[in-house]
Amino acid sequence: MKKRMFVLGFTAGMVMAGATTVFAADYIKAVIYPVKLVINGQEQESPDDAGVLNYNNRAYVPLRLVAEKLGAKVGFQEAPTASGTKITIDAPHGRPLRPAIR
């Protein structure tokens with residue numbers, strides 16, 4: 001009887017653990033870390049809610065913060081679907097921002 005209860009409890013535990021693992025697989029694990037943001041040689045103040053993320057040894061910075069510090073206007077148009085949502089960045093005076101993307 002005890003053996004049967006153990007097997008039943010063990011099986012139930014494994015099912016719940018497996019379901020939790022599948023559920024957690026949809027998330028990205030990233031770390032927020034403090035950095036000094038320097039744009040065009042000037043150290044910039046960053047708001048507390050604009051954290052820099054570290055994921056797979058890459059830094060992800062807040063797009064709006066960096067674009068506005070470069071003098072660009074940033075727009076956000078949310079759509080019913082993610083693929084229809086738009087982020088626009090308009091450089092000041094029509095000049096290109098020339099990002100260094102690697």
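Q: At what relative accessibility does glutamate 68 count as partly exposed?
A: This is a predicted model, in which local features need pLDDT of at least 70, side-chain atom pairs count only at pLDDT 80 or more, and totals for chains, interfaces and linings use all residues. Residues are numbered from 1 along each chain as its sequence is written, and side-chain values use heavy atoms, with hydrogens and water left out. Buried means under 20% relative accessible area and exposed over 50%, with partly exposed in between (1.4 Å probe, protein chains only). Glutamate 68 counts as partly exposed because its relative accessibility is 43%.

Q: At what relative accessibility does arginine 64 count as partly exposed?
A: Side chains of opposite charge can pair when their charged atoms come close. Arginine 64 counts as partly exposed because its relative accessibility is 39%.

Q: What separates the C-alpha atoms of phenylalanine 76 and arginine 64?
A: Phenylalanine 76 has its place in strand 6, residues 73-77, and it counts as partly exposed because its relative accessibility is 48%. Leaving aside neighbours within four places in sequence, its contacts (heavy atoms within 4.5 Å) are Arg64, Thr85, Lys86 and Ile87, and Ile87 has its place in strand 7, residues 86-90. Although phenylalanine 76 and arginine 64 are 12 residues apart along the chain, their C-alpha atoms are separated by 9.7 Å.

Q: In what order do the elements of the chain run from the N terminus on?
A: Helices (H or I, at least four residues) and strands (E, at least two) are DSSP runs, numbered from the N terminus. The chain has two helices and seven strands. From the N terminus on, these elements run α-β-β-β-β-β-α-β-β.

Q: Which residue in strand 5 stands opposite leucine 53?
A: Two strands pair if DSSP finds at least two bridges between them. Strand 4 (residues 52-55) pairs in the antiparallel sense over three bridges with strand 1, where isoleucine 32 stands opposite leucine 53. Strand 4 also pairs in the antiparallel sense over three bridges with strand 5, residues 58-60, and there the residue opposite leucine 53 is tyrosine 60.

Q: What is the positive phi of the residue in the turn between strand 4 and strand 5?
A: Strand 4 and strand 5 form a hairpin with two residues between them, and asparagine 56 lies in the turn. The C-alpha atom of asparagine 56 is separated by 9.8 Å from that of valine 31, 25 residues apart along the chain, and valine 31 lies in strand 1, residues 31-33. The phi of asparagine 56 is positive, at about 55°.
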